[in-house]
Each structure stands twice: as structure tokens, then as C-alpha cells.
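Good morning, everyone. Please look at the sequence and the model on the screen while I speak.

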Amino acid sequence: NKEGFVLEEDVYANWVMSSNSFTESIGDVVPEDWVSSSWADVYPGHYRGLLISNPNMMYMIDGISHIPLLDCDVQAWLLLAHIVGDLDTPSVDEMILWNTQTVA
């Protein structure tokens, strides 16, 4: 939706895990009713530190690299690039699409 949250109907309703090396030993895995996306550095309503509903509002969010100083440095440079115009801010639809594709 336009606030940047992934709706349940946007997720594949008939999703089935493809066959892999574990299929023989554990069978078909039933997905959970909810998806945590923080492992992929995707937070509801945010796009890479920008608030989707108001991209002028920016957040420094802890990353996933387990190297906090590097995370802060990279995030600061990314946000600075948006502020000074070196990096174009994508449209709301593009931000939502990126988040959805990253989590899916």
C-alpha cells in the first residue's frame, strides 16, 4: 500500500518451497503466518533509511552486518547522498517494489 507496508494479499497465497537438498529429510515446509523482514534490513514503512510516506524524514537504523561502525558510516553516506542530490529518491511505488522484492 502507499504507506509502504506489504499487505497479505501482496504475498503469494499459494507459495510452496521449491525442492532442495533438505526436501528429502524434512519434507514440505509450511510458511509462518507472518514475515519478519528486519533480517533483510527492510522495515515496514521505510526504504533504506527513508520514511516512505515522507522521504524527507530519514532514519539511521542499525544494519545487519554486525559491524556497527561500518553500518553507521554506510548509512550516513547513503542519507547524505539523498540530501545533496547525488542519489535520486525513488518514487513511492519503486520503494515499495524494492522492499517487496527484497523480502519475497
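His 46 counts as buried because its relative accessibility is 17%; buried means under 20% relative accessible area, exposed over 50%, and partly exposed in between, with a 1.4 Å probe and protein chains only. This is a predicted model, in which local features need pLDDT of at least 70 and side-chain atom pairs count only at pLDDT 80 or more, while totals for chains, interfaces and linings use all residues. Residues are numbered from 1 along each chain as its sequence is written, and side-chain values use heavy atoms, leaving out hydrogens and water.

His 46 belongs to strand β1; strands are DSSP runs of E, at least two residues long, and helices are runs of H or I of at least four, both numbered from the N terminus. Which residues does His 46 touch, not counting those up to four places away in sequence? They are Leu 51, Ile 52, Tyr 59, Ile 61 and Asn 99, where contact means heavy atoms within 4.5 Å.

Let us turn to the aromatic rings. A search of the whole structure finds 1 aromatic pair. Tyr 47 and Trp 98 form this pair, edge-to-face, at 5.3 Å centre to centre and 85 degrees between the planes. Rings of Phe, Tyr and Trp (its six-membered ring) pair if their centres lie within 6.5 Å; planes under 30 degrees apart count as stacked, over 60 as edge-to-face and the rest as tilted. Tyr 47 lies in strand β1 and Trp 98 in helix α3, so the pair ties together parts 51 residues apart in sequence. Tyr 47 is buried, at 9% relative accessibility, whereas Trp 98 is partly exposed, at 30%.
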